[in-house]
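The sequence and the structure come first, and the description follows.

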Amino acid sequence: MTDQIADGVAALAGRGTSVLLTGPAGSGRSHALRRVAAQLDRSGRDVLRVDGVAGTPPLAAVRLALPGVLPGRGAEPVGFAGLHQALLEHLGDDDTVLVVDDGHLLDRESWGLLGAVHRRLGTPVVTTVVPGVPFVPWFVENVRPVVEVAIGGMSAEGLHAVLEERAQGPVPPQLSVRIHAETGGQPSLALAVFDEARRRGWEPGPVPDELLRSARVSGMHAAAVSGLPPEDRDAVELLGVVGPLPLRAALALLGGDRLSALERRGMLRAGRSGGEPTVAVAPPGLADHLARATGETTRYRLVTAALDALDTDPGGEDAGLRTRLRGLLAAVGDDVAGPVPAGWSEDPGAGGAAVARLLATRVRIQLAAAARRWQDDPRTEHAAELLRLLLSVEDEPGRVDDVLARTDRTTDLDGFAPVQLRYLEGRWAIAQGGDPAAVADGLVAGLPAGATPAHREALDSLAVALRAEYGDVPDGYAATLGPRVDGDDPAAAAARVALAACHVIAGRHDDTAALLAGERSGWPALLRDSADVLSVLTRYGSGRLAEGVDRARALAGAAVDEGSPSTWVGGLYVAALCLGSRMRLDAARRELLPVLASGLRARALVVAPDLAARVLLATLSLHSQQTGLVQGLRALAEEHEAPADALPFGDALWVAAMSLFAGGDPEEGARLLDLLTDRERGLGHHLAADATRIYRLLLSFDPGLATAFRGTAERVGGEAYLTYLDAQHALRDGRDPDALVAVARRFVALDMREQAVRCYLIAAGLLQVAGDDDGAARARADAQVLGSTPSVPLDEQAGSAELTEREREIAALIARGESTSAIARRLFLSRRTVESHLYNIRRKTGAKDRADIGRIVDPYA
């Protein structure tokens, strides 16, 4: 990605345009600048490079850049006038370009000198800076013409390709995704972590935290913080020590301007916790570094100041935060591991990494405690809980087999533990390659001699669901399970979950919703967690996609709080399914990346989306043309010994189809998915069959299939998917510009602007050919407006898209050009309060600055 940017920057500089290359620490901006210089050199341009270094004497950087041409070498240092004359002589050739690395660290006198030379000769200047520094406005004002080019974090797929290039061979995708999550996709930082992983001989499985704490990586994090102004550094260190803060509290403690400045630098990320907006340090690895590296004195000073500020707040709504801060204050001097990230983030690609790490840590702690309890007393209840946790992490066959062999199964026969232990033992056997039908048939027979009839009935009910999950849906499942669901005992709950599972697989979602409508808080964990995932899965199957996303994310957030990895994976899987059907494909892909990074599994559920989550992620990556990660995910999926073909993307044929699409044979891949759809229908797996057809048409459009599928698509896919189908029909036909314009308007209403722009531009071309110049001009104008207006999809916003009445009032005043102070005086508010409203307006609308707000908001609304 940085190489492509560098090539474009070199082309601009070669045409005489100056470039401001912005990117946070670790973004690869210096690498890009080196490539720019090399490209200019190869094209015959002379390059004069100046390096900005903090703390150097005035003009020293320019003297170092011109050691061979300065007059009077060996005498007194050349001053401003002498350097100015030397630069004019050296840069007099029109083929010279000035290249400045870390321009924000270059002293003011040196920039004054370079600016004067630029104005005299017109020499183009290419400089790198971190975003949001005060130097940027000066550069834009004094160096003309200028273009600003931002380098952000790479996508997970793009980073995977970079790491494979570095390794000169394949890289396990879970390593790439974990590194991406921890580094925010910043190339230099990611390569430092990757090099450490190779040095230590990383093996497949969860990525050890030690890889993220090497001296080189810590040094890069320290460098990113050291260049900040003192107040900004305090703010970042406070967030690193405390962890994510409610946005309201962060505004009160740090102020809107400071938060905005840090956000522009790429050092903050937005999220949500318990429905409330939060802010945290980005990338997550930097937060971890600050939690460990901030000194005790600094920690005490920052936390004390935060407490003092909160204590002066008359609102008194931050009791939980005060308790958290006092706990940190009391721990000063102890061996503090760092802050606990709060809740769930709306942007899993960023905040999800911290949440995944938090959950993985909790599971490790729970696993160690459960193992100690079982070692001290190997009774059934302890074994059942230990096995549930073991099935939620990467395979440890020796430990599982030891638990199954040494547990005293004659204990705890008065509860649900014997059923849970036996059922999870069956799922483990299937995961290790056992025949699912034989396992299901033998479940009840494996109960201990003292098991009760209720145990046998509960396990028999779960066996019915197991047969539906790994084979065809039994014809008489409802007649078998229906009479068992009445009652409030665990056996009735097991029958209710098994019946719900069969209904979901068979596409009977209304029946499932009614079955799971009651209270489940007293159910055993296995049944409660499974029912929760099945409940949100019905939202997807019945086409309630927006509700499905909200419920699935809420379930994932609760799973983090409760330390339930299987439910977390299940919730994110359903959220990704719903987002995909709403055509938010990139958001769906980001939803699942933390799952791959965490190493956590979903095997401790009735109907487990373990393979399905990986194949869905591969499919979403394939649709974005990122085939490198697809191959690695395919290899991971092929390691899955017993794929369940009941859930969407859970069939082994999906893996084969992915190989064909990734290998450049889409026709054969589409044929295989058509065969899979027919097979799923034959097995009674209607939910999976609908999902297969939805994504088959995304990967390879077929107008006949799309027409036949339209009724189901309207029920399952919703308006966004129907609009996609209509767009594909119109684009395939290519002769009806009016149809394309109509589809574009529907895309606009759905906030799918990229698709709308494409339709408008194709329609403009058709109208031009037809001689309708006015219609073509209107279509191009509509496309141009969409391309220049900020767009933040509702699924990806950190907070509500709705502005409050006060925020609308302030936004209108900004659109009229009023300053912050003027708005504060007009509305009888403090300047700090107006800044807080401004921060919320930018967050909700996606506006980057006041000019953006002016373009978005009607000034006289």
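A residue is called buried when its relative accessible area is under 20%. In this predicted model, Phe-649 has a relative accessibility of 1% and therefore counts as buried. Phe-649 is found in the loop between helix H31 (627-638) and helix H32 (652-662), and, although Phe-649 is not a glycine, its phi is positive at about 75°. Asp-102, which is not a glycine either, has a positive phi of about 55°; Asp-102 sits in the loop that runs between strand E3 (96-101) and helix H5 (108-121), and with a relative accessibility of 17% Asp-102 counts as buried.

| Pair | Distance between ring centres | Angle between planes | Arrangement |
|---|---|---|---|
| Phe-649 and Tyr-695 | 4.8 Å | 80° | edge-to-face |
| Tyr-721 and Tyr-724 | 5.8 Å | 35° | tilted |

Because Phe-649 belongs to the loop between H31 and H32 while Tyr-695 belongs to helix H34 (residues 686-699), their pair ties together parts that are 46 residues apart in sequence. Tyr-695 counts as buried, at 2% relative accessibility, and together with Phe-649 and Trp-654 Tyr-695 forms one aromatic cluster.

In the other tabulated pair, Tyr-721 and Tyr-724 are three residues apart in helix H36 (residues 718-733), so about one helical turn separates them. Tyr-721 and Tyr-724 are both buried.

Conventions
Residues are numbered from 1 along each chain as its sequence is written. This is a predicted model: local features need pLDDT of at least 70, side-chain atom pairs count only at pLDDT 80 or more; totals for chains, interfaces and linings use all residues. Side-chain values use heavy atoms; hydrogens and water are left out. Helices (H or I, at least four residues) and strands (E, at least two) are DSSP runs, numbered from the N terminus. Buried means under 20% relative accessible area, exposed over 50%, partly exposed in between (1.4 Å probe, protein chains only). Rings of Phe, Tyr and Trp (its six-membered ring) pair if their centres lie within 6.5 Å; planes under 30 degrees apart count as stacked, over 60 as edge-to-face and the rest as tilted.
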